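This briefing is meant for someone meeting the structure for the first time. Please keep the sequence and the model in view while reading the points that follow.

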Amino acid sequence: MPMPTEERVSQLVAGLVERRGLDLEGVHITAAGGPQTRVTVTVDGDETVDLDMIAELSSQISEALDAAGDFGEKPYLLEVTTPGVDRPLTELRHWRRARGRKVRVRMRAGAQTPEGKAVFEARVGAATETEVALVVGGKRAPHRISVPLADIDSAVVQVEFSPPGAAEMELAGGVATGRPEPGAADEAVDAAGSGEAVQREHRPVVAPTEGIVE
């Protein structure tokens, strides 16, 4: 039996995720060593998603995948997780949830570059359908600029090991509701940027062998 596709698994779990008021940020299926496959389901919400919610959702997803039977007798490792701190911002909801965080921005080729830099660091402010406010200049000379979202090639949240300046945060409009404060709290984050995660190992149930007389 072929392995189910990421699209198929997304279809199986999307409803469970949405009913909890969360967004399905992605499904990835990769080799986990040996015959085992790793299925990673990434979710996020407007407020912090805690480990208890992840554990409950993991149990429901596990039951749904087993009931569908798409994996057959192949073992797999299910991991339900939230995005890491160093997440890329690819949707408007990502920008809104990242308000107050530091990001590394790369502008598209040919786009007007703020202060002549195609790649720069800034703190995220308010975002609309078409543009985002960014606070540049760091702690010493913070000031706010507006950048069209269409002109941004990529943006990745940065791990911070010290609190931001008060003026920076004021210009950014503070941290998004329900999100952790940037700075010292990031020190607890794994270097890979992992978020909350729960893993469940699934192995095929082998029926007892029939017809053997001891």
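This is a predicted model: local features need pLDDT of at least 70, side-chain atom pairs count only at pLDDT 80 or more; totals for chains, interfaces and linings use all residues.

At the start of α2, the backbone nitrogen of D52 has a side-chain oxygen of D50 within 3.2 Å.

Helix α2

- Helix α2 runs over residues 51–68, and its 18 residues reach 25 Å from the first C-alpha to the last, which is close to the 26 Å expected at 1.5 Å a residue.
- The residues I54, L57, S58, I61, S62 and L65 of α2 are buried, and because they cover an arc of only 145 degrees around the axis, they lie on the same side of α2.
- The other side of α2 carries D52, E63 and A67, which are exposed.
- Just after α2 comes G69, which takes a positive phi of about 70 degrees.

Nonpolar cores

- The largest nonpolar core has 22 residues, and those with the most contacts inside it are L89, W95, V105, V124, V132, L134 and I152.
- Two or more residues of this core are given by each of α3 (92–97), β4 (102–107), β5 (119–127), β6 (131–136), β7 (143–148) and β8 (152–157), with the largest share, 4 residues, coming from β5.
- Leaving aside residues up to four places away in sequence, V124 touches L89, W95, A98, R99, G100, R101, V103, V132, A133, L134 and A172.
- Another core, of 20 residues, lies apart from the largest one, and among its residues are V9, V13, Y76 and L78.

Terms used:
Residues are numbered from 1 along each chain as its sequence is written. Side-chain values use heavy atoms; hydrogens and water are left out. The expected span of a helix is 1.5 Å times one less than its number of residues. Buried means under 20% relative accessible area, exposed over 50%, partly exposed in between (1.4 Å probe, protein chains only). The arc is that of the directions from the helix axis to the C-beta atoms. A polar contact is a pair of N or O atoms within 3.5 Å; within protein, one must be able to donate a hydrogen and the other to accept it, and residues adjacent in sequence count only if both atoms are side-chain atoms. A nonpolar core is a set of buried Ala, Val, Leu, Ile, Met, Phe, Trp, Tyr and Cys residues joined through side-chain atoms within 4.5 Å. Contact means heavy atoms within 4.5 Å.
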